[in-house]
Amino acid sequence: MEVNITRENNIITVRFSGRMDTPGAQEITPKMNTLAEEADKTIILDCTDLSYISSSGLRIFLTLRKAAADKGGKIIVRNICDSIRSVFMMTGFLNLFEIQSAK
Amino acid sequence: MKSNKKDNKKGGLSIKSRLLLVVVATITLEATAIIQFVFAQREIKQEASLRAKSELTSAEHKIMDVVNQAEAAVRNSIWVAEWCLEYPDSLHRIPQRVVSENPVVVGSTMALVPGYNAEHPLYAPYVARDLETGKLRTLSLATEEYDYPSMEWFTKPIELNDSYWSEPYFDENGGDILMTTFSMPVKDKNGTIAAILTADISLDWLTELIGDIKVYPNAFNMVISRKGNIMVCPVETLVMNTTVDQFAMESEDYEALDRVNQAMLSGQSGEMPVRYQGETNHVYFSPVERTGWSMSIVLPEKELFSGVRRIGMIVKLLQLLGVAMLIVILRVAAKNQAKYQSLNEQKERIENELHIAREIQMAMIPKTFPPFPERKDLDLAASIIPAKEVGGDLYDFFIRDEKLFFCIGDVSGKGIPASLVMAVTRSLFRAMSAHEDSPAKIIASMNDTMSESNESNMFVTFFCGVLDLNAGHLRYCNAGHNPPMILTDAIRMLPLEPNVPLGILKGMDFVEQETTFNYDDALLLYTDGLSEAENAAHEQFGESRVEEALHGRKSAEAHLENIKQKVSLFVGDAPQSDDLTILFIHYLGNENKYPHHLTLHNDIEQISLLPEFVETVADQAKLDPETTMNLNLALEEAVANVISYAYPKGTDGLVDIDASVVEHKITFVITDSGIAFDPTAKEEVDITLGMDERPIGGLGIHLVRTIMDTVSYERKEEQNILTITKSY
């Protein structure tokens with residue numbers, strides 16, 4: 001599980017790649033907690049290279065989403081594959097997140 | 001004829017044939033005794049002849065020893081004597097030397113030929129040893145009374161111009177001592193005989209030596225001189241008084257005695273029979289070299305064969321006794337004939353009844369194989385090979401509520417009592433297991449009933465098992481029976497608690513044990529008739545051979561046949577002493593129930609192993625990638641829950657995952673030994689809630705529920721078992 005964070009004009013882009021399963025999520029939690037402090041900005045969660053997500057990953061997404069709601073920031077989830085989309089659907093996340101597609 | 005026929009039918013003997021038997025036996029015994037007697041006589045004669053000859057030879061050696069010493073005493077002094085002829089004054093020293101230097105010589109003389117010396121026309125100094133004091137004294141033989149030149153010891157060597165042993169004689173000076181003299185001519189430079197040198201030896205040792213030869217207690221020995229004078233003989237008055245010739249004249253068998261006498265006098269050796277005083281005697285004789293003597297041993301024939309006669313008498317007596325006994329036995333046998341006949345009939349009847357008892361007994365136990373042809377999860381075969389008698393082995397089995405109840409047992413002892421106890425045991429087993437699933441309880445209640453009414457103190461070694469055919473779970477209890485063998489990856493003995501056999505003590509507790517059978521596991525139960533089957537050399541078949549016979553995968557029936565064949569080959573012709581019972585249970589349930597398996601430690605990192613595991617399950621079901629991912633997700637959530645909640649942080653524990661694909665249904669069973677934790681008890685998360693109300697947790701179990709069709713939790717035997725299924 002890799003995370004690549006880039007900042008450009010107050011927009012933070014987080015690129016995930018690999019599987020965000022339980023150990024993967026555990027691995028990136030400290031980085032994500034730090035990122036949550038900047039939740040007043042726009043954070044784009046780029047899921048182009050994310051192939052899998054489990055509830056631990058969803059929890060990270062939800063934590064960021066809550067932080068953004070508190071601090072007046074914005075979370076955009078970009079490019080989720082079909083299987084992750086179905087997980088989002090099962091968990092009602094489609095209603096909680098703004099989801100963008102590259103096209 | 002009629003009575004004869006009857007006799008023959010009963011296998012008895014008629015009086016005629018009995019008589020014939022006695023006569024034939026007597027004649028045979030007699031003939032054997034006669035042949036034995038003749039051969040024994042011949043042997044004894046040969047033996048006696050050998051012994052007599054060897055005694056004669058040995059006596060001759062002893063005589064020659066003395067004779068040689070005397071001859072040597074004279075010969076060794078001849079040269080000195082010749083030298084001394086020129087010094088007549090020193091002539092007396094020669095006999096002195098001969099006597100003093102040779103202990104066997106008792107007297108010696110150097111007698112000059114009359115007229116050889118002008119000064120001493122007659123000169124013969126004689127040195128004698130006093131037999132009592134051992135002192136030497138010197139006399140002269142040149143006296144008027146003695147007239148030595150006319151003596152045989154003097155005249156013969158001159159006549160022969162050689163050495164000469166004189167005829168034995170009684171020494172006139174020294175008393176009653178039998179003597180003989182060796183004389184040798186002494187020649188001067190011209191070769192003329194100038195004197196005669198002599199050595200006298202006493203012959204009393206000869207009497208002793210010859211008298212000591214005792215071939216048989218009543219045998220006697222004789223020595224005669226060349227002139228036929230008796231030198232040694234048991235009758236002392238005859239010694240040197242009588243010739244054999246004179247003696248023979250008076251005897252009844254003159255011719256034979258004369259023949260012996262002539263043979264002895266002419267120096268022959270041999271053996272001849274002579275009749276004397278009404279008895280046959282065997283005379284063995286042999287000459288003594290140089291002296292002209294002849295020795296003989298006389299053996300009375302009566303004496304020779306007395307041993308054989310005694311044995312003959314004993315044999316005769318034994319024969320008589322044997323014939324008498326034969327007659328008695330024949331009479332008794334005839335009397336008992338009828339008795340045996342009726343006993344035999346009784347025995348046959350009992351054997352017949354035992355046979356029927358056996359058949360009834362065998363009808364009680366299941367004998368149709370395969371017993372459950374409709375079941376694919378069980379292959380079972382059993383057999384009892386009965387010993388000649390009815391025995392006390394049993395086995396039994398039946399299926400109730402998807403459980404196989406089975407047992408094997410061996411009643412102590414044999415025969416009808418054992419078979420009755422066996423029948424009772426089997427009935428009790430059926431009765432007690434009709435409503436009870438626990439083998440220990442079945443055995444305990446059987447034991448109580450059997451102990452109560454056990455007056456004959458018989459007991460039963462018994463093994464009872466209950467196999468859950470669905471799960472492969474086996475509960476068993478052993479009451480003193482030999483351990484069954486379990487066939488899994490390896491063959492080993494089923495671990496057993498040492499419980500006492502049935503029927504010994506009422507109220508005993510029995511320990512129950514358990515194990516789980518997997519697909520293809522098997523169990524062999526047997527009685528000691530198998531392990532203790534003996535061959536002719538009394539070696540036992542043994543557990544190691546039982547184990548050897550179990551190698552290789554076969555059907556239960558094939559296993560059974562194989563074992564039976566191996567035992568039969570081992571035992572060979574040795575009679576079977578005990579029932580031989582085998583029960584073989586081959587479990588074929590549980591097959592592919594959960595062919596996929598994964599074990600994880602309670603470490604979050606181990607979750608990375610799940611995708612590959614799910615992939616293999618999905619491959620079998622040929623699932624699309626999305627469903628595969630969903631299954632992975634559901635499994636991960638379930639496992640992550642266990643790792644996070646069932647095991648406290650810092651403890652080590654395992655999570656077992658079994659998976660199966662059966663009829664378009666995928667099942668995962670997640671098992672752990674952690675603290676009780678029921679994830680299904682969690683409240684369902686409401687996914688319709690807005691951002692502010694949404695809790696962070698609870699998504700995992702929600703995903704499991706959403707993805708899977710069924711989620712069920714069970715706490716069993718200290719384990720959390722979560723089963724999740726999904727049909728596709």
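**Figure 1. The open sheet of chain A.** In chain A, 5 strands make up an open sheet of mixed pairing, in the order β1-β2-β3-β4-β5. Strands β1 (2-8) and β5 (98-100) of chain A are at the edges with a single partner strand each, so one side of each has no neighbour in the sheet. From one strand to the next, the twist averages 25°. The model is predicted: local features need pLDDT of at least 70 and side-chain atom pairs count only at pLDDT 80 or more, whereas totals for chains, interfaces and linings use all residues. Residues are numbered from 1 along each chain as its sequence is written, and chains are lettered from A and ligands numbered from 1 in the order in which they are written. Helices (H or I, at least four residues) and strands (E, at least two) are DSSP runs, numbered from the N terminus; two strands pair if DSSP finds at least two bridges between them.

**Figure 2. Strand β2(A) and helix α2(A).** Strands β1(A) and β2(A) run antiparallel and are joined by 7 bridges. Within this pairing, A:Arg15 in β2(A) is the residue that A:Asn4 stands opposite. Helix α2(A) lies across β2, β3 (42-53) and β4 (74-78) of chain A, and runs at about 170° to β3(A). Axes are lines fitted to C-alpha atoms, for helices over the stretch in contact, and angles run from 0 to 180 degrees between N-to-C directions. The mean pLDDT (the predictor's confidence in each residue, from 0 to 100) is highest among the elements of chain A for strand β2 (residues 11-20), at 94, and lowest for helix α4 (residues 93-96), at 88. Chain A as a whole averages a pLDDT of 91, with 98% of the residues scoring at least 70.

**Figure 3. The contact between chains A and B.** Contacts (C-beta atoms, placed from the backbone, within 7 Å) link 22 residues of chain A with 20 residues of chain B. On the chain A side, α1 (22-36), α2 (55-71) and α3 (82-90) are the elements that give two or more residues. Helix α2(A) gives the most, with 8 residues.

**Figure 4. The enclosed strand β2(B).** In strand β2 (residues 125-129) of chain B, 5 of the 5 residues are buried, so the strand is largely enclosed by the rest of the structure. A residue is buried if 20 or more other C-beta atoms lie within 10 Å of its own, exposed if 12 or fewer, and partly exposed in between, with C-beta atoms placed from the backbone. Strand β1 (residues 105-112) of chain B pairs with β2(B) in the antiparallel sense over 3 bridges, and B:Ser108 stands opposite B:Val127. Antiparallel pairing with strand β3 (residues 136-140) of chain B extends over 5 bridges; here B:Arg137 is the bridge partner of B:Ala128. The hairpin of β2(B) and β3(B) has 6 residues between the strands, and B:Gly134 in the turn has a positive phi of about 85°.

**Figure 5. The crossing of helices α15(B) and α16(B).** The axes of helix α15 (residues 610-621) and helix α16 (residues 625-646) of chain B come within 9 Å and cross at roughly 130°. The two helices are therefore oblique to each other. Residues of α15(B) including B:Leu610, B:Val614 and B:Ala618 meet residues of α16(B), among them B:Leu631, B:Leu635 and B:Val639.

Definitions and conventions: Parallel < 35°, antiparallel > 145°, perpendicular 65-115°, else oblique. Contact = placed C-beta atoms within 7 Å.
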